[in-house]
Amino acid sequence: MSKNTSHSYSHQPQTTQPKNKTLVVGLTGGIGSGKSAASAWFAEQGIDIIDADVIAHETVAKGSVTLQKIQKKFGDWILTDDGVMDRAAVRTHVFANPEALIELEAITHPAIRETAKAQLDASTSPYIILSAPLLIEAAEAGLANLCQRILVMDATEDTQLARASQRDDQSIQKIKAIMTNQLSREERNRHADNVILNESDLASLYLQLEPLHQEYLTLAQQLKFAGD
């Protein structure tokens, strides 16, 4: 199911935009919705994939400037004996302290956005997929503003639970906790330009992605000509 919607949510830039004028499609969705499968398919079509999760991990790599800022802000306890970030300890701390989460994101999100923009500038594919689980949530607004289109992978809660539990071997309680921290299906879909209902097999998913791919190629050409 693909749809075009009109809504009040704005994708207009509020931060410095990448120099590359290539069409950027933001890909998002709840846990178990099929973001990875969609990204893999777009990559097979020759489309560059920028993964915010990968960038987030690289941003706080051992010895990075961002990790040093986090250490200075919160203390040495955020590091393991090996000098890498103790993600479990930090996660537990910020979940219990909302203000700490805001402080952490104030350090990490600008670095993530700058890296994403650099990768957008370096892209040479007809259009670009920017994948981010929390693309639409307020905390990730800076990434949404880099996109001209928002594509949401959608699935029922039962499907999300089944896929996530099989893939990650996580408890149903933990998966539900993750889902609670994400937008509801209705809210997420309201912000979308396109929605893919991914309730079946990969073949069905690919049949829905193909026309979108063609649509994005056309939009990318229009954007290119408009910028010339």
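Author: Start with how helices and strands are named: they are DSSP runs, numbered from the N terminus, with at least four residues (H or I) for a helix and at least two (E) for a strand. Two notes on the source. This is a predicted model, with residues numbered from 1 along each chain as its sequence is written, and side-chain values use heavy atoms, leaving out hydrogens and water. Local features need pLDDT of at least 70 and side-chain atom pairs count only at pLDDT 80 or more, while totals for chains, interfaces and linings use all residues.

Now to the helix. Lys-35 sits in helix H1, which covers residues 35-44. Lys-35 is buried. Buried means under 20% relative accessible area, exposed means over 50%, and partly exposed lies in between (1.4 Å probe, protein chains only). Lys-35 has no salt bridge. Such a bridge needs a side-chain nitrogen of Lys or Arg within 4 Å of a carboxyl oxygen of Asp or Glu. As for charge, Lys and Arg count as positive, Asp and Glu as negative, and His and the chain ends are not counted. The nearest side chain of opposite charge to Lys-35 is Asp-53, 7.0 Å away. What lies 3.2 Å from a polar atom of the Lys-35 side chain? The backbone oxygen of Gly-30. Lys-35 also touches Leu-27, Pro-133 and Met-153, among others, with residues up to four places away in sequence not counted. Contact here means heavy atoms within 4.5 Å.

Next, the rings. The whole structure holds four aromatic pairs. One of them is Trp-41 with Phe-42, edge-to-face, 5.4 Å centre to centre with 80° between the planes. Rings of Phe, Tyr and Trp (its six-membered ring) pair if their centres lie within 6.5 Å; planes under 30 degrees apart are stacked, over 60 edge-to-face, and the rest tilted. Phe-42 has 0% relative accessibility, so Phe-42 counts as buried. Trp-41 is buried too, because its relative accessibility is 6%. Trp-41 has a further partner: its ring centre lies 6.4 Å from that of Tyr-206 and the planes are at 25°, so this pair is stacked. Tyr-206 belongs to helix H10 (residues 202-227) and Trp-41 to H1, so the pair ties together parts 165 residues apart in sequence. Tyr-206 is partly exposed, at 30%. Ring pairs join Trp-41, Phe-42, Tyr-127, Tyr-206 and Tyr-216 into a cluster.

Follow H10 along. Leu-219 lies in this helix. Leu-219 is partly exposed, at 25% relative accessibility. Leu-219 and Leu-23 are 196 residues apart in sequence, yet 7.3 Å apart in space, C-alpha to C-alpha. Beyond its neighbours within four places in sequence, Leu-219 contacts Leu-23 and Arg-149.

The structure holds four salt bridges. In one of them, the side chains of Arg-149 and Glu-215 meet at 2.9 Å, N to O. This pair links distant parts of the chain, with Arg-149 in strand S4 and Glu-215 in helix H10, 66 residues apart. Glu-215 is partly exposed, at 25%.

Methods
Polar contact = N/O pair within 3.5 Å; in protein donor to acceptor, adjacent residues only side chain to side chain.
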